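Visitor: Could you take me through this structure?
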Amino acid sequence: MNCRCDAPLADGFYVCATCGESLAYALAEVDGVVEVLDAGVARSSLTAGYGERVSSSGALHAPLPINEAVFDARRALHVYLMKTSLRIAETAGPLSLRTPQALASYLLVNLDVLRRQDWAPAVEAELRKLLGEAVRSTQPPGERVNVGECGYVFENVACTNPLTPLRTQDEITCKVCGTSWDVKARQRDAIGGAWLAIGYPATIIRALAAYGITVKPKHFENWVARGHLEPAAEQNGRKQYRVNEVWAVARKMAKTKVL
Ligand SMILES: [Zn+2]
Ligand SMILES: [Zn+2]
């Protein structure tokens, strides 16, 4: 019997050593990809916490743009790593930690067990597909724009359905409540424009404060000094930073309590 690459297989193996190495590289990518995803997931959760931005007078303050695809991509990757690990756990021994990173390490350590499974030839392609989808999910969508949750208020409850019209669409009708919205007007009202914008630290701190995110100037300085934040531009010798990057660092630091 031969490997899918046509190389002859050693007794009991379904994936040759070279293809095994290639699979190991894919597994090694999990750490970095999950790190990027977690920054994206944290960004999304802002909307969960600060999503209701419609005042009773009807004035619209759309929430920060979110990328729900990040949640789905992370979950799909995690589930696949878990399933694959559990399939070899009887031979390879019990799993300890169950984070995607730990599961990837587990599979790496037990690569020889994995290579002996008759279903192993399909693992690399599936894993690479999921990693690719994960990376793409963190990139800005080309086709659609996010203009925040619907926000239509009916009997004091705001509709939380996210609206994602096509770039070319002028009007969007909410699938949940049926309200129609002017896409361009919503984009102007949303912080969406500022999200990828760059600005001086003080400007960004003020903008984030409006969304309930407190960043102390001193912390900002620390993050820069420690390399957590890179300037995006420089004008007249003053450095400017990207709003979304500051926010991502602020979230991460708040979570780890290391400011
Ligand atoms: Zn091979
Ligand atoms: Zn709605």
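This is a predicted model: local features need pLDDT of at least 70, side-chain atom pairs count only at pLDDT 80 or more; totals for chains, interfaces and linings use all residues.

Visitor: How many residues does helix 3 have?
Guide: Helix 3 (residues 68-92) has 25 residues. Helices are DSSP runs of H or I with at least four residues, strands are runs of E with at least two, and both are numbered from the N terminus.

Visitor: Where does helix 3 bend?
Guide: The bend is at Leu-86, by about 30°; this is the angle between axes fitted to the seven residues ending there and the seven starting there. After helix 3 comes Gly-93, with a positive phi near 105°.

Visitor: What is Leu-37 in contact with?
Guide: Setting aside neighbours within four places in sequence, Leu-37 is in contact with Val-70, Ala-73, Arg-74, Ala-134 and Thr-138. Contact requires C-beta atoms, placed from the backbone, to lie within 7 Å.

Visitor: Now the sheet: what is its strand order?
Guide: The order is 5-7-6 in an open sheet of 3 strands, with antiparallel pairing. Two strands pair if DSSP finds at least two bridges between them. The edge strands are strand 5 (198-199) and strand 6 (233-235).

Visitor: Which residue stands opposite Arg-238?
Guide: Gln-235 stands opposite Arg-238, which is in strand 7. Strand 6 and strand 7 (residues 238-242) pair over 3 bridges.

Definitions and conventions:
Residues are numbered from 1 along each chain as its sequence is written. Chains are lettered from A and ligands numbered from 1 in the order in which they are written. The expected span of a helix is 1.5 Å times one less than its number of residues. Two residues are in contact if their C-beta atoms, placed from the backbone, lie within 7 Å.
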